[in-house]
Amino acid sequence: MIDADLLRRLRNDLPMAVTIAALGQQGPPSKMSEGYFRFLCPRCGEMRATVNPRNNLAHCFCCKKNLNNIDLLLTLDYDFRSAVAILEGWLHHYQTQQAKNKTPPPQDQK
Ligand SMILES: [Zn+2]
């Protein structure tokens with residue numbers, strides 16, 4: 001059974017731009033346009049899938065489908081468990097990088 005909280009974090013906490021960068025050649029072509037991250041919609045093939053930064057969900061303005069990180073990997077023929085495992089690794093890596101870019105949190109006072 002996959003933890004619901006993990007799934008929520010994979011959808012919300014790993015920016016789709018990071019996921020697509022990590023996919024590299026395998027991922028869809030993407031670009032920044034008018035301040036939004038857009039990528040080639042895997043469902044209709046138009047460069048109209050646009051990530052909403054508030055919920056990290058891509059909406060395609062052509063075919064009207066919504067895509068999250070997990071959905072994106074499923075469209076690339078990953079099975080659900082593999083998609084979760086890969087995204088979990090990327091999320092961990094991303095959060096490690098983010099933590100390095102910030103001042104470290106204060107030590108725990110026990
Ligand atoms: Zn589409």
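Me: What should I know before I start?

Reply: In this predicted model, local features need pLDDT of at least 70 and side-chain atom pairs count only at pLDDT 80 or more, while totals for chains, interfaces and linings use all residues. Residues are numbered from 1 along each chain as its sequence is written, and side-chain values use heavy atoms, with hydrogens and water left out.

Me: Which protein atoms are the donors of the zinc ion?

Reply: Donors are N, O and S atoms within 2.8 Å of the metal (3.2 Å for Na, K and Ca); water is not among the atoms, so sites may look incomplete. Here they are the SG atoms of Cys41, Cys44, Cys60 and Cys63, lying 2.3 Å from the zinc ion. Their spacing along the chain is C-x2-C-x15-C-x2-C.

Me: How do I read the packing of helix 1 and helix 4?

Reply: Two packed helices are described by the angle between their axes and the distance between the axes. Axes are lines fitted to C-alpha atoms over the stretch in contact, with angles from 0 to 180 degrees between N-to-C directions; helices are DSSP runs (H or I, at least four residues) numbered from the N terminus. The axes of helix 1 and helix 4 come within 10 Å and cross at roughly 65°. Contact (heavy atoms within 4.5 Å) involves residues including Leu6 and Leu10 of helix 1 and Phe80 and Leu91 of helix 4.

Me: Is Cys60 buried or exposed?

Reply: Buried means under 20% relative accessible area, exposed over 50%, partly exposed in between (1.4 Å probe, protein chains only). Cys60 has 1% relative accessibility, so Cys60 counts as buried, whereas Cys44, at 30%, is partly exposed.

Technical notes:
Helices (H or I, at least four residues) and strands (E, at least two) are DSSP runs, numbered from the N terminus.
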